[in-house]
Amino acid sequence: MWLKYKECLKAIQAAKELQFSGRWPTRSGFPHFTEQIIIDIFIPKTTWYKTYAKIFPIVEGDAPAMRAWLEKNVHTPEEDLKLWGYNQNEYEESDLRWWLEERNLLKDKTSKEDMKKAEEDRQMAERLARLEQEREERQERERLEREERERREQERPRPSQKRKKNTGPRRLFSMHTTTKLILFLGFMPLVSAAQNTQPFPDIPFRTFSTFISNTFHPDVPLATVLLVLFTLTDNTDLLNLHGHQQNPQYLRENKTLATGWIRALSRDLIQRLGGQLEMVTKVAVKLNALSQKLDLNPYSNGDFKRKLQPVSYDKIRGTPIICPSNMFCLNQDECDPRALHQATKLEDIPLVTLVKQNTVYRDVPVLTGKLWNKYYLNSAKYLKVGQSVWVDRPFAQGVVNGTYNFHASASAYMQYWNDSTLSKEANFQFSRRQIWQAFIQESIRMVATVNNTDLALQENLNIEKQLGKRGVIPVGMDHSCSECTQPYKATADLIGNDDPAAVDVEMDSDPVKMIILDGIVMGPTHCSFDGCTDDLKNARGGALCANHEIAYGTRCRVRDCIRTKIAGTHACQNHQAAWRKYRLEHSSSALAGIRRRLQRPDEHLPWQNNNVQPRPPRRAHDSDDDDEPPPRTQFFGPSKFYCVETICAPCGVVIAWTKFDRSESPTKILQFITDVYPESATRPAYICIDKACKVLRTAITHDRWQNLLDSSRFIVDSYHYINHRVTDYLCRKWCNPAPLDGSAPNLVKTAIDKDGNQHLTRAFNTQACEQLNAC
């Protein structure tokens, strides 16, 4: 029997090689190849599936001793006794079956089940053979028809002149179809489906504990148990492959308890735990048993149930709580000397949204300690970036790194996060202000860490105390460093050119200081009434300050109108059209287009009329046109300050700031400088501003600014100086930021480059304020 079985397998293998090489004689009348054709030559079909196919594969795979005995032709009585346990002249199929059953190697199945499976396999093989034969016949017919068409085409007489093909309608149809396809794809929503998950295994803890104690060890560490557990739950795809291989469905597939998939997982786990690699198979068997206990198997009793999906950890995810990281108060004079007490009542504890490790947590409680001061600790784990939004430090560090490394703005980083799959799954989006807040707070901690200090601020800060009384910051006024203060020089180190009209400015021998002025358009709002810059009574939708709200009362907000406004609007019956126009122009849908046109006024889109001239560009912030806009015709919405003017030192330290309404005129600039430096002795030697020549003209023509000219000199910053007119004698003579004729020796100094060569360079950074506003 064994020799016949081996010869049958050899014949099947040889026939397969003929089939794969295309030498099987199908076209000569032979049926399509199947294993059953070869089996019928050697052994009857019933005997093959009942005996040979059931017993001998087990002998080949799981009984090496019996396989070696069958390979030998002659056996000694001692060999028979050692293998079989008894001696007899001939051993039959029943003896081999008994030998396998004694060793639990033979899978007991009824003859009906074997016959049924064999019949199903035979029918499947015949069906596949019939389909393959039909496919080959169809290909042969198509080949013959193609050759016949080519022969007829060659025999057909060719006309002397070809007729021009009419491809117009077809091309139009193709373009029409393509257009519809593009429109369909363009309006189709681009939504990425979230990956399906399955719940975390939910079995009784007693069952899990008993299994771990009995299978592994009663004293196994908790960390090891959790590592094994999460290793299985994180690798559901591998368990799918393992379970599929464990349940054979076709002939000559072997059922293996420890497949190569689970053995590879076992090997990696042993290496992580520092175990011995000889335990790979034993650990693999235990991992298989644990996966069965956790119901992480796609099969049940040999029947396919479902494909395992990634396991969701939502049910076992820990609940984070935001609280101080220090166990004691940093200032022993403000709180108890040992413990830091929780200050918020249980019913008043706020619940916020926390983004931690790229995971969004909802309803996270925030606990605070009893402190008089607010401390921005460098060791803080979480940062508050919104009214009810907190982030962890890695997220804030990612914002800083993305801003610097990719030159990304807060809006770009916000869009990157909001477009990510994680944001869509969590149904949470950041705002631009929150991203910018994360950047600012993380930057503060980076600077504080370098200086080995923590920022401490009092609760309920007074804005004037921190940002300066009337805009003057005391810390900035007293600041002095090598970048913003230079030693006085009576003469220049080197004279690059000789200008006979050069003016030698007499200055004191005190250290030379410079301040830089510049404005930035930020758009803070204020009362819309003429000449009033008070804060709005209602910053969310209001247009007037508290005094003018009382003064106007129920009157129409159109200038010089004394009628009563209609409820729910700010206009009377006669001015409802103006009110509706204002609401339409200031709606969220209209503001996006208006903002785009203001930012890119010269943009000309391809679909616009070529004869339409682009709009004139809007007045730039640093232009010479300082004419104030005309008075408003209505007070439906608040007015906005034109810019925020800043005074800073060349090193970047802010000294003072104020808000200019309606324009950045030279008189406002001169008044701002006079308010910050009322005494001549405290004024800097140089005042740098982009429109210094125009400010100088205004100061010259007005006697009240004469004392300012006696103590300081106005110069243009280096960036804007190149755009000023060459014919402007006043600007070229007095406002040059780095004259080489020796007229201002304290603005130019010598330096040594890396090659040891001496060269001239500017003594002050005149772009400090521009750089500050660009941040």
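A salt bridge here is a side-chain nitrogen of Lys or Arg within 4 Å of a carboxyl oxygen of Asp or Glu. The exercises below concern a predicted model.

**Exercise 1. Which side chain meets that of Arg557 in a salt bridge, and are the two residues buried or partly exposed?**

Step 1. The partner is Glu549, and the N to O distance is 3.3 Å, which lies within the 4 Å limit.

**Exercise 2. Where in the chain do the partners Asp530 and Arg559 lie?**

Step 1. Asp530 and Arg559 form a salt bridge in which the closest N and O atoms are 2.7 Å apart.

Step 2. Asp530 is found in the loop between strand 11 (525-526) and helix 20 (546-552), while Arg559 is found in the loop between helix 20 and helix 21 (576-585); the pair, 29 residues apart, thus links distant parts of the chain.

Step 3. Asp530 counts as partly exposed at 36% relative accessibility, and Arg559 counts as partly exposed at 27%.

**Exercise 3. In what order do the four strands of the open sheet stand, and which helices lie across it or pack on it?**

Step 1. The order of the strands is 4-3-7-6, with mixed pairing.

Step 2. Strand 4 (359-365) and strand 6 (382-384) each have a single partner strand and stand at the edges, so one side of each is left without a neighbour in the sheet.

Step 3. On average, and with direction ignored, neighbouring strands of this sheet are turned by 30° against each other.

Step 4. Strand 6 and strand 7 run antiparallel and are joined by three bridges; the bridge partner of Tyr382 in strand 7 is Asp392.

Step 5. Helix 14 (residues 393-405) lies across strand 3, strand 6 and strand 7, at about 85° to strand 7, and helix 17 (residues 432-450) packs on the sheet, where it touches strand 6 and strand 7 and makes about 125° with the direction of strand 6.

**Exercise 4. Why do the buried residues of helix 23 line one face of the helix?**

Step 1. In helix 23 (residues 666-676), the buried residues are Pro666, Ile669, Leu670, Phe672, Ile673 and Val676.

Step 2. Viewed down the axis of helix 23, these buried residues fall within an arc of 160°, and therefore they line one face of the helix.

**Exercise 5. Where in the chain is confidence lowest, and where is it highest?**

Step 1. The mean pLDDT of the chain is 78, and 79% of its residues reach 70 or more.

Step 2. Confidence is lowest in helix 8 (residues 168-187), at a mean of 41, and highest in strand 7 (residues 389-392), at 94.

Step 3. Over residues 160-194 the pLDDT is below 50, and this stretch has three contacts in the model beyond near neighbours in sequence.

Conventions. Residues numbered from 1 in each chain as written. Predicted model: local features only at pLDDT ≥ 70, side-chain atom pairs only at ≥ 80, totals over all residues. Heavy atoms only, no water. Helix = DSSP H or I, 4+ residues; strand = E, 2+ residues; numbered from the N terminus. Buried < 20%, exposed > 50% of the residue type's maximum accessible area, 1.4 Å probe, protein only. Arc of directions from axis to C-beta. pLDDT = per-residue confidence, 0-100. Contact = heavy atoms within 4.5 Å. Pairing = 2+ DSSP bridges. Axes fitted to C-alpha atoms, helices over the stretch in contact; angles between N-to-C directions.
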